[in-house]
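Visitor: I'd like to learn how to read helix packing. Could you walk me through an example?

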Amino acid sequence: MRKRILVLLSVLILLISVSTAAVAQEKLVMATTTSTENSGLLDELVPPFEEKFDVRVDVVAVGTGAAIELGENGDADIIFVHAREAEDEFVEAGYGVNRRDVMYNDFVVLGPPSDPADIEGMESAADVFHTIADSGAEFVSRGDDSGTHKKELSLWDMADLNPDGSWYLESGQGMGASINMADEREAYILADRGTYLAYSGEIDLEILSSGDSALFNPYGIIPINPAYHTHVNYQMAMAFVGYVTSQQGQGIINSYSRQGEQLFFPSAIEADELEE
Amino acid sequence: MNYYMDAFGEAWNLIITMDQELLKVVSTSLRLSTSSTIIASLISIPAAVIISRTEFAAKKVFNVILNALLSLPTVVVGITVYSLISRRGVLGEYDMLFTLPGIIAGQVILIIPLLTALVRNTIFSIDEKMYKTAKSMGANKKQQFKLLLMEARYGIIGAVIAGFGRVLGEIGISMMLGGNIKGVTRTITTAMALETNKGRFAFALALGFILLILSFSINFIVYFLQEGEQYE
């Protein structure tokens, strides 16, 4: 009896390891931000590419800062991020080549419906941040060197403030986790519209301020420079750049929506030139 | 309360519909834990035998270090292995970061001290007489080793299960070295963290139930294998 179970067990283990043993397949490692992954866009955007080129895309979702770091170290073949200044520095330093604009959306200031700091409807992002700081209402910061965090810091800078104190909570986590934290604490938070829409069904937070040009949020894609990191899969990285900036890729971005609202707007091809 | 009802419902649904994503995550977790445990056992069991059956100068120091390593934090193992296998690291050329072998390397390091210490303790507690009798009856080195393993088998199985449980439930290493890549390195625990972040608590809780069921059934199978002998 015992032997039989042992045999069964070994067969089971063998089956598990054989059945899922990956067939050797070309792969592309893409480091990207939590906002693109948490919003669900990549689940739509990546599979058609994988099929077309018979390649496996390994998506590592981290903050923009960490994604750029992975690119610098050569641990990724391509990065897909949103922090224009850091991206330009990355290319200038020779880590990446052939950066392309892919899409954009905007940042929004979220807060509880009761709006304790009374910021609803304010136009200027700097004023909004000033008011929140003055009111002493809690504010959740990503605190993880991500694109959103960099944007938030630049907004505090614009408001001439140095956020500090018990009202300023640094979560150190991804966009989704931080939104959940702000929701639980009834705090304010700066978020990208895409992730907010993806979560809006589950949380009470509302958009209280948006529309300032300082809140523009463009996404870029950068293959890692093959002259710097000779091992990277540059060919497939460029194929991916071609794909996401093509009619097909841009069309998928343009038609992706959650809760009936479009999350990202293609920027490689003008919207009116997109094929239906 | 709704949370839990939802989670139960969702877990049940996921299991009976054989959800593809769930299967993938569970099989990844099992493959990782099995491989890590087997590799670690192959290293730890002989090491434990050597430690407990031979005399060497630094034995005391060695044992102290071994005991201290029992509480090795997963993140420390994670970051250390990360720095080794990143492209910038010493082992960068083997392309192990964000792959299953990368996670396995970390997990093996995590449980080697645990397995070694547990097996060592078992061997220590074996009745010396039996061993000496066998020796006096002319058992050679190989037979002695066999006898030792036979006598210590329950303890060894227990140690292996403990190691298996530790890697099945750990998240630090899988997250840091695996990168939580969907369909490749996403395990039960990293998927739980992600789903919690996404606000899909029911799905995350469902995964938690499945993790619990897995560890219970593994322990049950092992208990059955031994037919509870060591407890009677």
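Visitor: What scores does the model have for ipTM and pTM?
Guide: This is a predicted model, and it scores ipTM 0.73 and pTM 0.81. For chain B the average pLDDT is 87, and 96% of the residues score at least 70.

Visitor: At what angle do helices H6 and H7 of chain A pack?
Guide: Angles of 65 to 115 degrees count as roughly perpendicular. Helix H6 (residues 125-135) and helix H7 (residues 147-158) of chain A have axes 8 Å apart and pack at about 85 degrees, which means H6(A) is roughly perpendicular to H7(A).

Visitor: Which residues make that contact between H6(A) and H7(A)?
Guide: H6(A) brings A:Ala125, A:Ala126 and A:Phe129, while H7(A) brings A:Leu155, A:Trp156 and A:Met158. By class, the contact of H6(A) with H7(A) has six nonpolar residues, no polar and no charged ones.

Visitor: How do helices H2 and H8 of chain B cross?
Guide: Helix H2 (residues 20-53) and helix H8 (residues 153-169) of chain B cross at roughly 140 degrees, and their axes come within 9 Å. H2(B) and H8(B) are therefore oblique to each other, and their crossing is right-handed.

Visitor: Which residues of H2(B) and H8(B) make the contact?
Guide: On H2(B) they include B:Ser29, B:Leu32, B:Ser33 and B:Ile45; on H8(B), B:Ile156, B:Gly163 and B:Phe164 are among them. The residues of this contact of H2(B) with H8(B) divide into eight nonpolar, six polar and no charged.

Note on methods:
Residues are numbered from 1 along each chain as its sequence is written. Chains are lettered from A and ligands numbered from 1 in the order in which they are written. This is a predicted model: local features need pLDDT of at least 70, side-chain atom pairs count only at pLDDT 80 or more; totals for chains, interfaces and linings use all residues. Axes are lines fitted to C-alpha atoms, for helices over the stretch in contact, and angles run from 0 to 180 degrees between N-to-C directions. Helices (H or I, at least four residues) and strands (E, at least two) are DSSP runs, numbered from the N terminus. Angles under 35 degrees count as roughly parallel, over 145 as roughly antiparallel, 65 to 115 as roughly perpendicular and the rest as oblique. Two residues are in contact if their C-beta atoms, placed from the backbone, lie within 7 Å. Ala, Val, Leu, Ile, Met, Phe, Trp, Tyr, Cys and Pro count as nonpolar, Asp, Glu, Lys and Arg as charged, and the others, Gly among them, as polar. A crossing is left-handed if the near helix is turned anticlockwise from the far one by less than a right angle, and right-handed if clockwise. pLDDT is the predictor's confidence in each residue, from 0 to 100.
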